[in-house]
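Let's take a walk through this model together, one local feature at a time. Have the sequence and the 3D view open as you read.

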Amino acid sequence: MENWETYVRKVVPYVPGEQPCGEQVIKLNTNENPYPPAPGVLRALRESDGGKLRLYPEPDCGTLVRAIAAYHGLRDDQVFAGVGSDDVLAMIFLTFFNAEKPILFPDITYSFYEVWADMLRIPYQTRVLDAAFQIRAEDYYGENGGVIFPNPNAPTGLLMPVGQIREIAEHNRDVIVVVDEAYIDFGGESALPLLGEYENLLVVRTFSKSRSLAGMRIGYACGAPKLIRYLNDVKYSFNSYTLNQTALALGVESLRDEAYFRETIAKITATREWTGVELAKLGFLFGESKSNFIFARHKSVAAEEIFRALRKEHIYVRHFSGERIRNYLRISIGTQEEMETLTGFLGRYLGQL
Ligand SMILES: *Cc1c(COP(=O)(O)O)cnc(C)c1O
């Protein structure tokens, strides 16, 4: 090893799901929305003024921040926007997780948390999900340097009731508690109403899943004005122009069409319920998903085998190698037709084994 290499910040990067090329694939591996963004978003994209690209975008993401605040009935100074919630979450780790004590998150959860903690040299401990893969609120009551978990959790899809989130916030008044609500729009009850009670709480959201805008990279955090100020201080010390002009404008458009948003989510949740019934008939076991994916194992066939068989059919799902979850598949909910293709194939495949 050359001397300079000693001083490299060595990290084990997060591994995103594959983005296979080609039209013929059924892509159920990264929890993208199978439906296009709202018609107003597409119109704004077509009509956007390219001449303006010579200018920097608004550094405070003001138009979008105001639209998000109005949408949730919050004040403008309670919202922080970033380049997808991954950017927002990374800023949160950098800003708030600076205690010597370990931060806490579940052993089975969004695998990026561990990556950020490692990269930023933040000590952490994981708390083991119970046998049914539920988060146990009381595991997060002890001394710590901060708490973060998704609700619904990923990749389990299981929801924690808001009452338990309140308990976690209540027992952690001295640290920041972050609820990552990437999937909350698919049937969960949000922790946003708790913001009035807890100044140490941050709720993080994304436009990537429920708003069909994964490619635009829009995410945000809601919390007390003081927390948002601290986040902005770090952001302006890092990269002051985060969201680009197009993303800012399209985010605003997306929020304007509530009817389309509701309609898309209704279709996805109906397809999720239908898929659950079919997967159960085929011998899959899983808990009650409140997200846009189902995390399931088969009663007799190994997940990896099914994963490979699906891939040969150009159907992509996600398989993780973690010890407790290696026999599970995370299957994103696509269109009804895509899920019929999936279950149709699985029926034939499992039937001939
Ligand atoms: C998808 C996802 C994110 C990241 O979403 P982006 O806004 O696209 O960066 C964050 N947290 C969880 C739990 C997710 O599943």
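Strand 2 and strand 8 (residues 219-223) run antiparallel to each other and pair over four bridges. In this predicted model, Gly82 sits opposite Gly219 of strand 8. In a regular strand, side chains alternate between the two faces of the sheet. Strand 2 (residues 79-82) is covered on both faces: Val79 and Ala81 are buried on one side, and Phe80 and Gly82 are buried on the other.

Now for the cysteines. The structure holds zero disulfides. Cys61 is in none, and its nearest cysteine sulfur, that of Cys222, is 14 Å away.

The peptide bond from Asn151 to Pro152 is cis, with omega near -5°. Pro155 lies in the loop between strand 5 and helix 5 as well, and a cis peptide bond with omega of about 5° joins Ala154 to Pro155.

Finally, have a look at two positive phi values. Phe133, a residue other than glycine, has phi near 70°; Phe133 is in the loop between strand 4 (124-127) and strand 5 and is buried, with a relative accessible area of 10%. His314 has phi near 65° and belongs to the loop between helix 9 (303-312) and strand 11 (315-316). His314 is partly exposed, at 43% relative accessible area.

Note on methods:
Residues numbered from 1 in each chain as written. Predicted model: local features only at pLDDT ≥ 70, side-chain atom pairs only at ≥ 80, totals over all residues. Heavy atoms only, no water. Disulfide = S-S within 2.5 Å. Buried < 20%, exposed > 50% of the residue type's maximum accessible area, 1.4 Å probe, protein only. Pairing = 2+ DSSP bridges.
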